[in-house]
Structures are given as structure tokens and as C-alpha cells.
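Please open the model in your viewer and keep the selection panel at hand.

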Amino acid sequence: MEKNHILFFVLSALIMIVYYVFIADKILPNQQERRKQGERKTVVDKSSTIPDMADEEFKSSGDMLGNTEVEKVSPTRVAKSLELAASQGLTIDVETQKYEISLATTLAVPLEWSLKDYSDRSKKDSQKPLNLIPRTIATCLSIQPLDNNIKLDWIESSWTLEDDLSAINLTSPNSKPQSLTFHKDVGENLRVFKKFTFYYDSYFVDLDLSFENLSNNVSITSLDESGYELKWGPGINADLLPHEAKSGSTSRYGKKGVFTYTGEGNLKVELEESEESANIKWAGITNKYFAALMLPDPDLEAEFKREVSGEKTSAKSVIVPNESAILRIRGLNLKPREKRTNLFRIYVGPKIEKNLRQVEYRSVGSDEPYPSPLLHKIVDFGWFWFLAWPMLWVLNASYNIFGNYGIAIILLTVMIKLILFPFTRKSYQSMKDMQKLQPEIAELREKYRDDPQKLNQATMLLYKRHKVNPFGGCLPMLPQMPIFFAIFSLLGSAVELRGQPFFLWIDDLTAPDEFLILPFSIPFLGNSLRLLPIINAVATWFSSKMTGTAPAADNTQAKMMQYLPFFFVFMFYNWASGFVLYWLAQSVFTVGQNLVTKKMVKDELKESESEVPEQKRAKSNK
């Protein structure tokens, strides 16, 4: 590999590390500032005589599950209580082709939401499906009124399962959609229904929220004045790898946290004052590869709130453990004996464009089709997304043919090398031209060593006379920069690669390869022996030697360049094996590319030298 190629990739990697570690959170947007703004807007008012409904339902759940000190429910106690509830049959399990859900019958909320096609990778060789709901959370898809006058009645009432079912199984291809309905009576006149509908082969669940006025002569206006909220959170499981779970560090790829979409522009974390009453298209929480999103009927004109709890939690296995996504619905005046239903669709699954594009709105208010909710905006490939999406298409197309994403990455590398070959060849030619001028440049330096201004003028005239661009070796490499960043983001964010093996010990292209577990720990590297970064460093070093472009070790800088490829071992040691495989492939193909480029340049030089002066003049005249 050429010396400047090595420098280019090293500088690119360093830029990426600096960006993702120090800059990313400030651009989209600054995390700490967002949290401060969110706390000012959404933290519970401590002076209120009525506690926050989410906390109350959380506490009342502990009371219903056997806690005597409701006001002092710790996450550990709640977790034990939820386990007790499951053991006592206070949950109902739902299994489809895509997920397993455990619903608390007295809370009408899911306690677990596990994706069957994706295993929990926090423990090595785990076959347990990935559960996206944090273990101590009992408020996902909870609803709460905004009117303080009915909050106490809401707290004191409990949900009742209307269906006489112990479980739902929709794993057969002939399975028809099946529903579970809960209801609760709030005060004397309001009855609330919560209906979940499950499907055989879909990642989404339909949620119907119905409100019925049981009175014959009294209207219910409290919901019309303030409305209610539908909540997901706090947090979503982070989907950590074993070494991440041990260290507590998480990847900085992709969008993570609470987001909403107003139908225009990009996703939002916080809404401006002018947008607070916007008709929200959807809202939810996402981690690196998965998302839990709530889609309201567009006719409901839902509002968005990002809630930040007052209690600080540092759960390393949970993304935004203190934050929740909330849809606020207003305008629900119920006349005597009137029943009104609001429709929602809940998507909990992988951030795969195909799946996300299939999710549509539900509505009872209009027969006209609504525009796409554009859920695929939750997939984030960074600034160079316009390059990453075609690359993902190539990866998926190659996978459909060969059935291996590792082979697909190698084929993508070959394609990128072919596209960039004209730039590489031009760069190589420019460097050769510069090398030919080195003796004359040395003479000029000696001649004008006491006059830098004349030296610069003479050097530029030399370049002009020989038609050589001093930056010609670097400029053709600039197009490689966006491609490099795009593939870096793609291989770190595409859920399609999650859990996909390459061969032998490389069993997950989104995780570092693990060849052997050592009986001791190496500082900064851990106790895992990873071969792919080592092979990559050797291949990079060997390519520079084989092509004859390795710098001679006659000074300190040259010696550093000579052993620079081995710095990659430490740089890539805990990086995703898919990206290291790409780097290894491009190092290997660079050897062949350089040999071909050298031969082409030599052949052109021989052809040029064999021409007679008359032929050269004839060509120049043409």
C-alpha cells in the first residue's frame, strides 16, 4: 500500500474516533443541554399534591404485587415483584412468529417484548431472545389522564382482562390475528378499554384505546379539556455485546434515544415552541439496531413530550434510562352513553428499511390513504447516507446470491476499488512525475537556499514547465473520503449484519472476532485473542513491502511509517469484525491494484519513449 494511502486511512480513522467520541453528541444535538432543557420542561412538579401518574402506576403495581411500602419501591424490589407476578400467573404470554410478549394482567402493559430472530448478545453463546423492555420497567404503553381531578380515581382502579385466555400462540402460518382486551372503571361514569391485536408475521401490534361514558345524562368533559398520554419508557435495552456489558461502554453508531417526527425535516429530540402543538406522525425510543415506535391515527393530532424523570439512573444496559417518549391526545368530550376509540400502531423491531416501510397508519376518521409515516428515517447512516444506502443495496443483493454477508463485504470492496481505480491511477502517476523532478528540486534548494521566495517561484515554474501538479497525488484521493465514512457508518449501523457469521471463528460481523479466551487479561485489550486485526496489520505491512512502496528506515519518520500498520491492531481490536474485514480486503486488493497500475504506467512510458520525434510532433499538432 502506498505511504500516503496509509496516512490517509490513519487520519480518516482518527477523525472518525474524534468525531464519534467528542463531537457527535453535540451535533445531534448536545446531550447534556438536551437533558437540561427536557428537565426544565418535563420534570414532575414536586409541589403538586397529586403525584405523576406514571410513577403512581409504577408504585401501585408494586402494591398489587405484594409490596407493603408502596412509597418506597426500589427498582430491585419492583423487579422481584414482577418476577413474583409472573410466577403467580398474573401475566399472559403472547407468542408470534416474530416476538414473545409478556403482559401484566393487572397493569395492562407489556413487561417483556422479546424479538425471536435476534438473540441477547450480552452473554456469550446466549440463545435467549433479545428483550427490548428494561427489566424493572412497568410503564411501557401505559396511559394516564392529564386532568388532576380524575388521577386519584385512575390510580385506585385496576385493569381487568376481559378475555378468558391464559396465552396466545400465533406461530402457525394459518394463524389469524388475535386480540386481548382490558378495561378499568374510573370513578362512577368513565370506563376505559385497552385492546391489543397481534399478528402472525408482523413486528407491529395494534392498540385501540376506547373511552366510554357510562352515565345516561352527564357528559365527561375532563378528557376534552386536558386529554391523556400514551407512554413508552423510560428507556430501551441497549443490546450490548459481552465486552460492552462488562465495561459499560456502548457504541456511538446510529440514532439512539428519544425521537419524534413531525412530518417535515429531520427527526427531532426536542420541539421548538412553535412546534409543540404540531400533529406528530410518530414518536418512540431507539437503540443502535432496534426501535419502539408509536404511530397515532393522524386525525388525533397527537402532541409530543419527551419526559425526563427526576430520579437519576445510570443503568449501563439501558439507552436513556431516565427518558420516555409520550404522545399526548387532546379533545375527548364524551356525551352520555358515548364511546369513542383512538387507534394506534406500535412497532417494536429491527431498523430494517423494508420492514419500516411496510408499517402504515390506522384511522377511523378518513377513507383517504395517508402518506407514508417514513419510519425508515430512524435508520441513520450519517452525513453520507446517500452513499451508504446504495452500498447497503449491494450488500443485500450479494447476500441474496451467496448467503454470506462477509462475502458481500468483500464484493463491495472490489466494486469500490474498481470505481476508484481511475483516481488511484492518476494519483500514482502524479507521484511518479514528482519523483522524477526530485533531483531538479534538490538543485533549486541548493541554489536558492538563502532566498525562500525565489525558491518557491523557481519551484512553481519547474512544475509548470513539466505540467506537474504538486497536489496531484493527494487530490484524486479526496473522493475516497466520503466513501470511507459512508462504509464505516454502514457497517456499524446496519442491523442486517447483526449476528451474521463470516466463516470459522468470525460468528458476528457487528462484533469483534473472538478466536480464543486467554487465561489472563492484556491491558487495554482484555482477555480475548482477536486474530482479524492482527491479520489485517500483517496484510497492510506486507502489501507495502510487496509493491515496493514501503519507506526506507533511514530516519525517525520513515521508521514510524514502516511499522504504522501494526498500530491498526490496537485501533481495530474492539471494532466490528465486518469493518476490519473490509479494511483487510481493501489492503489485499490494493496489492493487485498497485501492480496493475505500475505495469500500465511502465507500458505507457515505454510506448512514449519508442515514438520518433516526428510522431510526437504529429500527435501534439492533433
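In this predicted model, an axis is a line fitted to C-alpha atoms, for helices over the stretch in contact, and the angle between two axes is taken between their N-to-C directions, from 0 to 180 degrees.

Begin by selecting residues 438-447, which form helix 11, together with residues 452-465, which form helix 12; their axes come within 9 Å and cross at roughly 160°. Because angles over 145 degrees count as roughly antiparallel, helix 11 is roughly antiparallel to helix 12. The crossing of these two helices is right-handed. To see the contact itself, show the side chains of Glu-440, Ile-441, Leu-444 and Arg-445 on helix 11, and on helix 12 those of Leu-455, Ala-458, Thr-459, Leu-462, Tyr-463 and Arg-465.

Now zoom out to the whole chain, where 18 helices and 21 strands can be found, and where 50% of the 622 residues count as buried.

Next, select helix 9 (residues 385-402) and helix 13 (residues 480-493), whose axes come within 9 Å and cross at roughly 60°; helix 9 and helix 13 are therefore oblique to each other. Helix 9 passes helix 13 in a right-handed crossing. Which residues of helix 9 and helix 13 meet here? From helix 9 come Leu-387, Ala-388, Met-391, Leu-392 and Leu-395, and from helix 13 come Pro-482, Ile-483, Ala-486, Ile-487, Leu-490 and Leu-491. By class, the contact of helix 9 with helix 13 has 11 nonpolar residues, with no polar and no charged ones.

Technical notes: Residues numbered from 1 in each chain as written. Predicted model: local features only at pLDDT ≥ 70, side-chain atom pairs only at ≥ 80, totals over all residues. Heavy atoms only, no water. Helix = DSSP H or I, 4+ residues; strand = E, 2+ residues; numbered from the N terminus. Parallel < 35°, antiparallel > 145°, perpendicular 65-115°, else oblique. Left-handed = near helix turned anticlockwise from the far one by under 90°. Contact = heavy atoms within 4.5 Å. Buried < 20%, exposed > 50% of the residue type's maximum accessible area, 1.4 Å probe, protein only. Nonpolar A, V, L, I, M, F, W, Y, C, P; charged D, E, K, R; others polar.
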